[in-house]
Amino acid sequence: MRKSLKQKLFVILTGLFITAAALPAFAYSSPFADVPEGHWAYDAVAQLSARGLISGYPDGNMRGKQHATRYEIASVVARAVANLDAKKANETDMRALKRLVMEFHEELEALGVKVSEQNLRLTTLEDRVGGWRFSGSFNFDANWGNNDNTRVRDAERGITKNWFEFGEARLNLQKFLNDSGNEYVFIRMALDHDKNGVEANKLKFDRLFWRGQLGNDSWLQIGRFNIDWEGDSGLYHPGENDGWFNSFVADGFRAGAALGDKAGVEAVIARNIESERYPDADYDSEDVAFYALKLDGNFSEKFRAGLMGSWIKDDNDRIGGDANTYGAWFGWNVIPAASLKGVYYYQDTDRDTDHQDAWKIIADVKQEALGFSSFWFEYGQLDKNFFGTADNAYNWSNGYDSSIYKAGIADTKMLLVRADQKWNDAWGSFLRYAQADYDLDGADKVKNWTVGLNWQYTPAIGFQLAYDNIDYGNMFRSFKLTDEKDHIVRFRTIVNF
């Protein structure tokens, strides 16, 4: 049965009283002649008036016994949303106000209030209710391999071809320090893995920082954070682990600023850096300093580009000397759902007399363009001694004792082709092919292909069944790194909370 206007008004007043009850217990006085001291609603009305939520009538009365029009109620709702304090509100307040906004959306629009903006503010504030925001995720993998040396284990755990483990586990804590959401503390604990990608059964803090605004167009970050400019620019597939110079975790200072409406700059001063290629203690020593600078811009709706540089200073020869890397990237939206992207790196290190180069070009076509599937094509080359994070690149499963790419062997051409299909909200699939072509006489190409099926059981829980096959040929035989062929069947459970 549809509620009467009087009943709706009671719901509104109840919601507002809940909001008012969260206000500080200061002494307020009612400005309305018909709500004198001693009136049962005196305190609530006084606080609501002090907050600007109710204004009464021109004659100085509130007229509490008079029926309110829907426009008067809508006006109160709009002021309640505008004055809501996330630090003092609770989930009940948020749900009640969201229902009221939807109930009176026509009146709000007639009063010039944008309902979409009201809902966005309430949704944003709802995420920040209660101080700390808690979230997390984990992937639990059941793996069945082909060879006894599919997976390298340490001496104590031995070598096994079948294993269960957490492929990834993260626990996030975030506390917003203001209503606008631009100042907060973020903490993330992650399950650590060793240099071979094997679960190390211990949690570590891989994110621990404060971030705040410095004026309207600049920000500062202090603590432990991740630097992934290659990923920020969309230069590797989100379902792959193929960044070439990315994902440095460091302790230090990071700042950024907008340069007008279309450009931005970012700078980093840090130490204790970690990367996929160098997870050992020597690399994250305080003796190794990391400096970085990035400048990028959106030159039009279709074209964007940027420059980036990093300077790794090895104070006490922990990693074999300094390494200076300079990069330039671009992205061109050919159509809204298809883009062409690329990056070039120039590197100068103390370990080599000649500079080292790396580059790749990417065609990224979304499923909206093709209808039945997305399509990702990536081709590039890394010089023999390019210093970066590519040693684990294209190792989809982290299940083998060697990735398809190993730095320091030879100049190498890399290829990745991937297609992802989203059938509906629950089901999807993917196909991928990766290849490493080493510039060595008589060397076979290392080939890796994968097929997988995804099922999103609920918004929080999903499953993936995949088959991964790798063929090293004769490439790594002389290095005694692995057998010629291998494969893995993986069943992954994905939980987000």
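Predicted model: local features only at pLDDT ≥ 70, side-chain atom pairs only at ≥ 80, totals over all residues.

Residues are numbered from 1 along each chain as its sequence is written, and side-chain values use heavy atoms, leaving out hydrogens and water.

**Inside.** Select Trp 229, Phe 245, Phe 248, Met 308 and Ser 310: of the 16 residues lining the largest cavity, these lie nearest its centre. A cavity here is a set of points on a 1 Å grid over the protein atoms alone where a 1.4 Å probe fits but cannot get out; lining residues have an atom within 4 Å of a point. The space in the largest cavity is about 140 Å³, and the whole structure has 3 cavities of 30 Å³ or more. Now colour the lining by class: 9 nonpolar, 5 polar and 2 charged residues (Ala, Val, Leu, Ile, Met, Phe, Trp, Tyr, Cys and Pro count as nonpolar, Asp, Glu, Lys and Arg as charged, the others, Gly among them, as polar).

Next, pick Phe 491 in strand β18 (strands are DSSP E runs of at least two residues, numbered from the N terminus). Buried or exposed, or in between, for Phe 491? Partly exposed, at a relative accessible area of 34% (between the 20% limit for buried and the 50% limit for exposed, 1.4 Å probe, protein chains only).

Last stop: Leu 440, in the loop between β15 (427-438) and β16. Show its C-alpha and that of Thr 412: 28 residues apart along the chain, they are separated by 9.1 Å.

Conventions. 1 Å grid on protein atoms, 1.4 Å probe; cavity = no way out; pocket = protein on both sides within 12 Å on 5 of 7 lines; lining within 4 Å. Points joined across faces, edges and corners; volume = space filled by probe spheres on them. Helix = DSSP H or I, 4+ residues; strand = E, 2+ residues; numbered from the N terminus.
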